[in-house]
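Let's take a walk through this structure together, one part at a time. Keep the 3D view open as you read.

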Amino acid sequence: MKTAPQSKLSSTLCLLILVSASPVFAQSHADRIDELEAKTLAMAEELAVLRAELEKERQAPDSEDMQSIRAESVAARQAAQNAEIAANEWKNSNSVTHLAGYASADYVSPENGNAAFVANFNPMFHFQFKDRILWEAEIEVQIEENGDTNMALEYSSIDLFLNNNMVLLAGKFLSPIGNFRQNMHPSWINKLPSAPPGFGHDGAAPLAEVGVQLRGGIRVGEQSKMTYAGFIGNGPKLEGEDGEIHGIDTDGFTGDPDDEKVFGGRVSLLPFPKFEFAVSGAFGDAAVVENDGVDFEGDPTRDYKVFGVDASYQWNNLDLRSEFIRQDIADEQTSIAPEGGIWETWYVQGAYKFADAKWEGVARYTDYTSPHADKSQEQWALGVNYLLAPSAMLKFAYESNTGLVGESTDDDRWLVQIAYGY
Amino acid sequence: MKKQLLPIIAFALVSVASGTGLALSQSSAVAAESPTTNQFDPMQFARGAKAWANNCTRCHNMRDPKELRDDQWRAAMMHMRVRAGLTAAETEDILIFLQGSN
């Protein structure tokens, strides 16, 4: 049995169904469909007209305004391309000029003598053409004790890059004998403020040469490699004084008074990265060309020989290196300075970085032997460095020197140096 | 002919025979074009990073790639190729690494 409200609801639904199905409502719905079809047809016609106009416009020659807009657009695009090319010119030029070098300011306090400030400046010039030619030069500028400025051309060579493994140098170059002189002497690289005894002027290690040099590197397998250098040069000059050879001048000369060339080179092996072992040497003739401070001619030539061994190893923050070099001048009885001599030096050095590699401790022992007792020197050098930047160091060092009593080679020294390579 | 000239001539001939011709004919292993125009090669970048770590610290502290611009690294690396006995390939690998890291 249905209740009264249910009965009313059923009746209402039946009535609605009957009304909606009536012809009046059906007629209204068909009209709306016709109206929509008409609108759609009208829009399609309008679209076709617009398309036709657009196509017509595309095919028609540009109006002046349009032409102007197009021209401006092309010009703007060209200007942007030119600006990009100009912005990248410095990257893509065939030639590159680069100014590099290093400088240092020192404070040296010897045990006997006056403490003094010292300043050095070594600009380096690199001029490169493509990857074929490099001219490189370094000038050493020093202020003398009397205030004069002393300038010297450390090296100036034109380097031709011949192939993957070979570079030909011509001009004045640092001596490839040993490693300290050619690679380690710049103040921002050397871990102590001073060079090891025997590696300076008139010492045991040749400094520079004027001639030609062939050098390069060769990879041997995945991990190993070798490097080599061979040269021909004018050779050294011998300096006579009081009937003895005072020293071997190896600054590198454009003249060759003894008319005898010197041949030499260095070969190094790196069986694994960061370990290098090298042997170097040179031979030729030399003669006394300066005696008691004045030029001297006619002295007979004599044998000149150099031998060197060097090694280095780096492991994490540890840096170890050692080097031995010996220059040998033969006796010559008919010379103004008949007796020859041996100039010999060696050093061993260890350095360790600590405190996030900001600080570095260094110890070096050197033993330099010269035919002249006043030049021979044994030295212990201890230092602490603070790395201001990878190429800037503040160095504090103490040298304990043992030499001929009364000579400067016997004076212990304190040294402070700030060095910067750029 | 002076005896001193003989080794110099021999030296020059060896040099020329072993490389000059190659270099001048642009078939050298060293690219004639500026390295900065080379397409970036991730493997070359990785080789450069390794060569940089293995070679530079043999003598001095690691320098920050940001110390120099791309063109300055070009000249600096050519200088270092001579100093450190690097091959041309090693030099270019390191250069790509430095130019990509500055």
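This is a predicted model: local features need pLDDT of at least 70, side-chain atom pairs count only at pLDDT 80 or more; totals for chains, interfaces and linings use all residues.

Of the 102 residues in chain B, 52% are buried. Contacts within chain B reach well along the sequence: counting those between residues at least 6 apart, 65% join residues at least 24 apart.

Now pick out helix H3 of chain B, residues 70-84.

Next, look at how the two chains meet. In contact here are 55 residues of chain B and 63 residues of chain A. Together the chains bury about 4900 Å² between them, and carbon and sulfur atoms give 54% of that area. On the side of chain B, the residues that lose the most area to chain A are B:Arg58, B:Asn61 and B:Arg83, which together account for 15% of what that side buries.

Helices H1 (5-24), H2 (42-55), H3 (70-84) and H4 (88-101) of chain B each supply at least two residues of the side that touches chain A. Which helix gives the largest share of that side? H3(B) does, with 12 residues. Sorted by class, the side of chain B that touches chain A has 21 nonpolar, 19 polar and 15 charged residues. The count of salt bridges between the two chains is three, and one pairs the side chains of B:Glu90 and A:Arg219, with N to O at 2.5 Å.

You will find A:Thr227 in strand S7 of chain A, residues 224-233. Is A:Thr227 buried or exposed? It has 7% relative accessibility, so A:Thr227 counts as buried, the cut-off for that being under 20%. Its neighbours come from both chains: leaving out residues up to four places away in sequence, A:Thr227 touches, among others, A:Arg266, A:Ser268 and A:Glu276, as well as B:Ala84 and B:Gly85. With A:Ser268 the link is a polar contact between side chains, at 2.5 Å.

A:Arg266 leads us on to the salt bridges. The structure holds 17 of them over all chains. A:Arg266 forms one with A:Asp310, the closest N and O atoms being 2.8 Å apart. This pair links distant parts of the chain, with A:Arg266 in strand S10 and A:Asp310 in strand S14, 44 residues apart. Both A:Arg266 and A:Asp310 are buried.

Another such pair is A:Glu399 and A:Arg413, whose side chains meet at 2.9 Å, N to O. A:Glu399 is buried at 2% relative accessibility, whereas A:Arg413 is partly exposed at 26%. Salt bridges that share partners also join A:Arg266, A:Glu276, A:Asp310 and B:Arg58 into one network.

Finally, two loops of chain A deserve a glance. Most residues other than glycine have a negative phi. A:Asp259, in the loop between strands S9 (244-249) and S10 (262-270), has a positive phi near 55 degrees. A:Asn316, in the loop between strands S14 (302-315) and S15 (318-329), has a positive phi near 50 degrees. A:Asp259 is partly exposed at 33% relative accessibility, while A:Asn316, at 67%, counts as exposed.

How values were computed:
Residues are numbered from 1 along each chain as its sequence is written. Chains are lettered from A and ligands numbered from 1 in the order in which they are written. Side-chain values use heavy atoms; hydrogens and water are left out. Helices (H or I, at least four residues) and strands (E, at least two) are DSSP runs, numbered from the N terminus. Buried means under 20% relative accessible area, exposed over 50%, partly exposed in between (1.4 Å probe, protein chains only). A polar contact is a pair of N or O atoms within 3.5 Å; within protein, one must be able to donate a hydrogen and the other to accept it, and residues adjacent in sequence count only if both atoms are side-chain atoms. Contact means heavy atoms within 4.5 Å. Buried area is the accessible area (1.4 Å probe) that two parts lose on being put together, summed over both. A salt bridge is a side-chain nitrogen of Lys or Arg within 4 Å of a carboxyl oxygen of Asp or Glu. Ala, Val, Leu, Ile, Met, Phe, Trp, Tyr, Cys and Pro count as nonpolar, Asp, Glu, Lys and Arg as charged, and the others, Gly among them, as polar.
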